[in-house]
Amino acid sequence: MSGTLISSLTWVPRGKSLAHPKKYELNDEELERVGQMGGEGVLEQLKAQLAQMEKKEGDEWEDVDEDDGNESGKEDSADDDAMEEDVKPHDPNDLSAFKMDEYDEGTAMGAFANIKGLTYYANNEEDPYITLKEDDEAAEREELEIMPTDNVIITARTTEDLSSLDFHVYDESNEALYTHHDLMIPAFPLGVEWLDFAPAGCSSTNAERSGSFVAAATFDSSIEIWDCDILDPLYPSAILGPPGSLEKPEAKPKGTGKKKRRQMVQPQANDEYHVQSVLSLSWTPKFRNLLLSGSADGTVKLWDLTRESPMKAQSSWTPHGGEKVQAVQWSPPAGDTAVLSAGWDRTVKVWDPMTKAGDGFAVHVGADVECIRWDPHQPTDFFVSLENGLVLCYDARAISSNSDPLSTQPKWTLSAHDGAASALDPNPHIPGCLMTAGMDKLVKIWNIDESAGGRDISLVTSRDLGLGKVFTARWCPDVEQPLTVAGGGSKATLQVWDVSVNPGARKAFGERIRQLGRELKEKQGGGVIVNNAGDMGDDSDEDM
């Protein structure tokens with residue numbers, strides 16, 4: 001793929017990030033870990049890369065020394081020759097070189113007329129006349145500090161042929177959003193998922209194995225897990241899938257025909273790891289050490305993060321008859337142990353991961369699925385957004401083995417967008433608050449009122465956030481910001497929208513927020529949208 005875009009994002013809850021992220025250290029212990037996880041080929045490549053970096057750094061220092069010498073020679077070669085003759089050990093308390101006793105006699109043109117007596121220092125730390133020393137390390141530490149009230153948002157960004165995970169800090173009190181650090185990843189990212197469980201092999205695991213980590217699903221068949229609290233790591237904390245020393249399975253042309261587009265034969269799926277692109281990830285705090293993944297190879301796999309990397313899957317299922325698995329999600333912590341999955345067979349299936357076959361019940365939705373989400377406030381309900389712009393809501397209790405997937409009707413149907421409804425997220429704090437976004441460049445907030453058995457669905461507010469086509473949008477997981485949403489899309493710009501500033505949203509959800517024991521704060525002027533460059537957006541909402 002070409003162009004610049006943000007394909008996925010995830011929030012890190014407040015207080016889960018280290019105040020002072022650690023610098024990556026490539027020591028013997030780290031080299032041994034990389035060798036065990038990636039194989040000898042990756043280890044040798046990493047050593048060669050390190051040697052090249054050290055050589056380049058040494059060459060840069062040599063170039064700087066040579067340039068300084070050449071510039072001084074061009075400016076005044078005569079003075080340089082004189083200074084070379086006069087350079088000698090200097091007593092900082094000896095001011096005789098300045099000839100201050102001859103100042104009144106007119107022999108000196110000022111205190112610094114005779115510059116041959118001055119001593120040059122390599123830096124300010126060595127100069128005794130500079131008493132206010134600069135502490136670069138302390139300044140950098142302060143600059144990289146993450147406050148307990150800061151939010152961290154991780155985006156998967158691709159620029160031309162380069163892909164990266166960007167870590168942004170959102171300071172809600174000052175309405176500021178900036179990029180804190182980033183790391184390069186080897187393939188186009190399709191999904192990211194935050195988790196707080198430290199995979200096996202991490203050197204800094206505590207008793208609870210807690211931390212801040214992000215799993216990245218890409219066009220590659222492996223899943224990489226990175227430590228969010230380490231700056232500029234060269235290798236992930238864990239790899240779920242085949243090790244780097246093995247040749248990755250790839251599609252191969254069928255036959256030897258000379259057609260321009262030869263049919264490609266995909267590698268055979270297996271129970272140990274994915275053999276095609278990973279399209280979706282899901283983690284739940286209910287099972288902290290488990291991660292679900294869905295792939296284009298038609299399988300859903302369960303990974304136990306207590307196993308050593310490179311990791312083999314604990315379980316594997318084919319819930320959609322071998323068709324590509326577009327999305328997968330654990331049930332909410334308050335619900336039963338169930339998995340929701342969507343396939344390219346245009347079905348959404350609810351099934352039990354405790355059974356070996358992954359038996360469950362399916363509904364046919366009539367179009368390609370974009371997103372699936374469980375309702376966190378009604379654990380038996382789930383939402384589905386489609387390529388045709390529709391959003392559907394189903395009750396899992398109404399689906400049974402006796403029901404026909406083609407005839408099962410949703411609780412309600414909403415025509416949400418002109419074009420694909422590419423993002424969907426029910427608010428984790430406010431019942432009946434649903435956010436959708438689409439290829440029509442709009443982010444919409446809906447109010448679902450099911451009181452007295454009715455299903456009254458109304459549009460609260462709609463906004464073009466300047467993201468281009470919206471590919472991803474998520475609510476903030478912190479109850480302190482119940483109406484804050486982040487989004488990204490085809491313009492590769494991360495935007496944060498504080499929906500609580502909108503009068504319609506305050507009217508629709510104010511009472512429900514008060515029931516949570518919270519009160520929306522009044523805000524003046526801007527603060528609705530904050531982007532990477534720190535520019536404030538306008539406040540022109542399209543309300544209904």
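Two strands count as paired if DSSP finds at least two bridges between them. The model shown in these views is predicted.

**View 1. Strands S8 and S10 pair in the antiparallel sense.** Three bridges join S10 to strand S8, which covers residues 223-227.

**View 2. An open sheet is built from four strands.** The strand order is S6-S7-S8-S10, with antiparallel pairing. Strand S6 (189-197) and strand S10 (238-240) each have a single partner strand and stand at the edges, so one side of each has no neighbour in the sheet. On average, neighbouring strands here are turned by 25° against each other, direction ignored.

**View 3. The largest nonpolar core contains 35 residues.** Ile 154, Leu 165, Val 214 and Leu 240 have the most contacts inside this core. Elements giving two or more residues to the core include strand S3 (151-159), strand S4 (162-171) and strand S13 (278-283). S7 supplies the largest share, five residues.

**View 4. Surroundings of Leu 165.** Leaving aside residues up to four places away in sequence, Leu 165 touches, among others, Ile 154, His 181, Val 192, Val 214 and Trp 226. Another core, of 21 residues, lies apart from the largest one and includes Ile 430, Leu 465, Trp 475 and Val 485.

**View 5. Hairpin of strands S25 and S26.** S25 (residues 423-426) and S26 (residues 433-437) are antiparallel partners over four bridges, and Asp 425 stands opposite Met 435 in S26. Both faces of S25 are covered, with Ala 423 and Asp 425 buried on one side and Leu 424 and Pro 426 buried on the other. Six residues lie between the strands of the hairpin, where Gly 432 takes a positive phi near 80°.

How values were computed
Residues are numbered from 1 along each chain as its sequence is written. This is a predicted model: local features need pLDDT of at least 70, side-chain atom pairs count only at pLDDT 80 or more; totals for chains, interfaces and linings use all residues. Side-chain values use heavy atoms; hydrogens and water are left out. Axes are lines fitted to C-alpha atoms, for helices over the stretch in contact, and angles run from 0 to 180 degrees between N-to-C directions. Buried means under 20% relative accessible area, exposed over 50%, partly exposed in between (1.4 Å probe, protein chains only). A nonpolar core is a set of buried Ala, Val, Leu, Ile, Met, Phe, Trp, Tyr and Cys residues joined through side-chain atoms within 4.5 Å. Contact means heavy atoms within 4.5 Å.
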